Amino acid sequence: MTLGFYPGCSLKGSSREYAESVLAVAETFGITMQEISDWNCCGATAAHNLNRDLSLALPARILALAEKQGLTEIVVPCAACYSRLTVTRYELSKDPALKAKISEINNMEFNGTISILNIIQMIDKYITPVLESRVVKPFDHKVACYYGCYLVRPHEILNFDREEDPQTMDELMLKIGATPIDWAYKTECCGAGLSVSRTKSVGRLSGKIIGDAKDRGAEAMIVVCPMCHSNLDMRRDSVNSYLGEKVDIPVLYVTQAIGLAVGIERKALALQRHFVKVTI
Amino acid sequence: MSKIGVFVCHCGENISATVDCVKVAETAGRYEGVTFSVDYKYMCSDPGQSIIKNAIIEKGLTGVVVASCSPRMHEPTFRKACAEAGLNPYMCEMANLREHCSWVHEKGEATTEKAIDLVRILVEKVKYNQSLNAIKVPVTKTALVIGGGIAGIQASLDIANAGHKVILIEKDPSIGGHMSQLSETFPTLDCSQCILTPRMVEVAQHPNITLYTYAELESLEGFIGNFKAKIRRKSKSLDEKICTGCGLCTTKCPNKKIPSEFNEGLGTRTAIYVPFPQAVPNKPVIDRIHCTYYIKGKCRICEKVCPTQAIRFDQEDQIVETEIGAIVIATGFAVKQTDFFPEYGYGKYPDIITGLQFERLASASGPTLGEIRRPSDGKIPEKIVFLACAGSRDEAKGIPYCSKICCMYIAKHAMLYQHKVHGGKSYVFYMDIRAGGKMYEEFVRRAIEDDGVNYIRGRVSRIYEKNGKLIVKGADTLLGGIPVEIEADMVVLATAGVANEGAEELAQKLHVSYDSYHFFAEAHPKLKPVETNTAGIFLAGACQAPRDIPESVSMASGAAVKVAGLFSQDELTREPLIAVVNRQAAPVYSSCVGCFLCVSACPYQAIEKEEIKNRNGEVIKSIAKVNPGLCQGCGTCVAFCRTKSIDIQGYTHEQMYSEVMALLNEY
């Protein structure tokens, strides 16, 4: 089976371990990921702060390309990309005039036939039905599933999971033998783009997240967003200086945890690329 | 030959600002059959009516067209004026120049043209009007009150004390409603039960009141003065006449862990139970959903211990059919539960409770006998946080309105907490303090200034549990939106007041309207607050919108006066605008061919078969006949009739055609 694949910039750079683990898990379950050819930036947080047309035209071009390349379903692992693409499809589908305008800007017709899956939806649809039978080494750890902001919000557009206390990742973790903890910071802000400009604020915001997970005995954080990952992992020094102690709970992508459970090589899952050493 | 008068009203400037009223009157005066036409500033005023009356008498008018406002506003006024001048009131028609023309169009030629058209079609219609006589119907002087909370109790007592019979039905085993659950009442802090229970007893003992508890309305038919209600008396599994209310059965029932509705789930009850010690009637019912005997077929302990053998396991629901003349809906409201709030934990934290639950904790008859103890471990909370507007005034939650009672009861809660837990700390997060009412603002100031309750203006974004404390994260918007974090032992959410579950279904059963929040709709928001759009059905209390006790009681007394006013008449007059099947001389008798499609089409079962017999008693023809007492004039049968044999009086085929032709024909 073949699914479309939109990596976005992070998965080609700072979070290539996410891309590698996604592809490794997909391959294990017989899914071919066909990268959209000639893809561009989704616009991320910058575009929609500056220019509405641009913030819609960029994702619309990606979707139009995918449609043109005969794809009916695309997987978008990065939560921010997933949000931008889904919001664009929503905005354009309810406003024909806007759709026409954006199509003209791109000089490319976007029909809106394509469906967009985040990583959890992709796993739920194509992997979960057979997942439990494929587990060879249960991921027997207490985990804190951290959803961040983009995966579940805004609910009226994404229509995915509960926005205040989401559950889908927790349920997935149960399937691979992990014990998800009940905690308070599932959807609190990690600091996002302040990672670059105000590292100290990120230390405080991500510190509260890591701190609560630690207090409740988590052995690993599970994430689906490259931005969240870099704040919780790469900025761990700032986090630790906010917490005033050295906390070394590793931060894994959901696909890395699944990969470990179904027996994929650690190297293929790119666990060695994290800043906080993954020893579990 | 018709002699029609046309009376064009300026309605101050309401009509004349956009319509050239003088031109309308002049044009109408030239129509065939119009013998008199005039315009005047206020046609509904005394001098205006005199113009109409004088014209009828002096010109011998046979029909009148008043071109003014909506007939909903002044049709009765002008028809009465015509009648006073000796003209049959149904020879008067109204052209709606205000709502249908001047209010919705700009000033201009076209607007005046439209006004002229509106007048012309009514002139043509009135040529075919016929004299009609109002229908007289008797009034059944018994009222049905639905709901036995404070509003229903007050309405029942007021109607009964005016000398009329009342049937009060309550779905729960006892009357008393939410008020019986409350601890103390703002702004005087008098005990709720102390002021309510005497009223409950009065209801039970009043000779004019028949009380059916554990009963619901099954169906309703008929119209003002002449309703027929079916009431389902749910089986109590008990012979109430034999039961002495000794309560032995409730102490021996082995099934003791059922969450008590009266205590809002904070206490338990047995399967055979009296909801609370002061219940009226003070006799138990068996809750069949939880009773071991009904689930497993074994037990019957209550039956064994009952000293008077009053238990009846095989008792069935009973349907009581009764005739009533008026109805008061007093079904009250519900509050949102804590599981409605994802950001406050979806109801998973036992120490986050609703305001109504706090009432039970603070009440002397409650599960803690009035001590403020938190549900999880029974500890006395040292720090307590109250959240106003939990759900209310929040469009994202689908509840954009203010629930109205919360600001006051939260001040009361915090005050009661401070009185009962010395040294305790209480916080209130609020958006605005809405304390409009007699002695209300003073009451809130007392909580803040005398009892030291900390009021924080701001919202709470999240509550979670950590190390046995509830972490309340909010903002203080008076200090520039700085984050506030409180480690509380207990949190009380003033959850939104909403319509009762099933309110929509009941409204449909009663044929009354309801608003988008499923509260029952009043007929006019200012001038008819206790009436519904259905004649003879009235509203009292929080079933119409969130209401506090004084407002509910006032509304109930208002509704009771409306009922008593209705019952002060022996007969009601009804508009004769009903369907009739035409009758002709023999040998045709009627153009009706007896297909009886109309019988199945009629929503009011108002059409029956009539057999026309010859002198020997042999049936010559079967035709349809409309019962004028039941017909509501909806016109469905007219549309169904294949031979156009049915007409609505006042809106006959002839009248309708003439209206259409008036528009189509060039004048």
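Helix H7(A) passes helix H10(A) in a left-handed crossing, meaning that the near helix is turned anticlockwise from the far one by less than a right angle (clockwise would be right-handed). This is a predicted model, in which local features need pLDDT of at least 70 and side-chain atom pairs count only at pLDDT 80 or more, while totals for chains, interfaces and linings use all residues. Residues are numbered from 1 along each chain as its sequence is written, and chains are lettered from A and ligands numbered from 1 in the order in which they are written.

Two packed helices are described by the angle between their axes and the distance between the axes. H7 covers residues 119-126 of chain A and H10 residues 168-175 of chain A; they pack at about 45 degrees with axes 11 Å apart. The axes are lines fitted to C-alpha atoms, for helices over the stretch in contact, and angles between N-to-C directions run from 0 to 180 degrees. H7(A) and H10(A) are therefore oblique to each other; angles under 35 degrees count as roughly parallel, over 145 as roughly antiparallel, 65 to 115 as roughly perpendicular and the rest as oblique.

From H7(A), Ile120(A), Ile123(A) and Asp124(A) meet Thr168(A), Met169(A) and Leu172(A) of H10(A), where a contact requires C-beta atoms, placed from the backbone, within 7 Å. The residues of this contact comprise four nonpolar, one polar and one charged. Here Ala, Val, Leu, Ile, Met, Phe, Trp, Tyr, Cys and Pro count as nonpolar, Asp, Glu, Lys and Arg as charged, and the others, Gly among them, as polar.

Chain A as a whole has 15 helices and eight strands, taken as DSSP runs (H or I, at least four residues, for helices; E, at least two, for strands) numbered from the N terminus. Its C-alpha trace spans about 55 × 45 × 30 Å along the principal axes. Among contacts in chain A with a separation of 6 or more, 79% join residues 24 or more positions apart.

In chain B, Ser363(B) sits in the loop between helix H11 (355-362) and strand S21 (383-390). Ser363(B) counts as buried because it has 23 C-beta neighbours inside 10 Å. Leaving aside neighbours within four places in sequence, Ser363(B) is in contact with Ser183(B) and Gly370(B). The C-alpha atoms of Ser363(B) and Leu182(B) are separated by 6.8 Å, although these residues lie 181 residues apart along the chain.

Key
Contact = placed C-beta atoms within 7 Å. Buried ≥ 20, exposed ≤ 12 C-beta atoms within 10 Å, placed from the backbone.
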